[in-house]
Amino acid sequence: MRRPATVFALAAMVAAAPLSAKVADTSANGFVTQNVAEVAATPLETWLALIKPGDWWNDAHTWSGDAANMTLTPQAGGCFCERVPGEDREDGFPLDGSAGHMSVIQAYPLKSLRMRGGLGPLQGEPATGVLTVTLEEINGGTRIRWEYVVGGYLRYDVETIAKAVDGVMSQQLAGLRDHLGALEGEASEPEPVEDPEEEPSIETQIDALQGAE
């Protein structure tokens, strides 16, 4: 079973750069990331793509290693979840696992989606976050805004984890942007973060996380 990248791997990842991406605020108890992209699609087309993360989420940031296992139910109480296929068994009954990435707390189709939960390495922390996605119709397409507000106890250095999470959020939003088609003027290729390094293997990432606990 694959595991999501830890903060040690995240900090060195190559992340896509949408229209804008930044760590908007940090404090001893949390941080805020803000990411924006513009796509050549209507709000309806954008909404329908948004709620099908299996089509654009990055495989590297899943528990199963395959974004096709991810689903999102866009209604209050709905789950942004993932099926983790079990290993084949001699009795023919694989024991599948699952992961709940976030829970939907507000959904206004074509306008906004709000979810609560800790993504990636934050899932194992007492801290949690609220991701608010807003859609705005603009000339020729739709502007997508992601704001992820994280607060609570963290075992990681806030500045480090904030930068890492911002990079990953940028990458996911860029995946959605490229799936829909970037509005003219938007860069379609990812830009590297400073001093990128080769991503460690999954085994190395697991060992690093276990060593930090």
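A crossing of two helices counts as right-handed if the near helix is turned clockwise from the far one by less than a right angle, and left-handed if anticlockwise. Keep that in mind for the second stop.

This is a predicted model, where local features need pLDDT of at least 70, side-chain atom pairs count only at pLDDT 80 or more, and totals for chains, interfaces and linings use all residues. Residues are numbered from 1 along each chain as its sequence is written, and side-chain values use heavy atoms, with hydrogens and water left out.

**Stop one: the whole chain.** Colour by secondary structure and you get four helices and eight strands (DSSP runs, H or I of at least four residues for helices and E of at least two for strands, numbered from the N terminus).

**Stop two: α2 and α3.** Select 43-50 and 158-180: the axes of these helices come within 11 Å and cross at roughly 125° (lines fitted to C-alpha atoms over the stretch in contact, with angles from 0 to 180 degrees between N-to-C directions). α2 passes α3 in a right-handed crossing. Now show Glu45, Thr46, Ala49 and Leu50 on α2, plus Leu176, His179 and Leu180 on α3, which make the contact (heavy atoms within 4.5 Å).

**Stop three: Phe31.** Leaving out residues up to four places away in sequence, Phe31 touches, among others, Asp25, Leu122, Tyr148, Ile161 and Val165.
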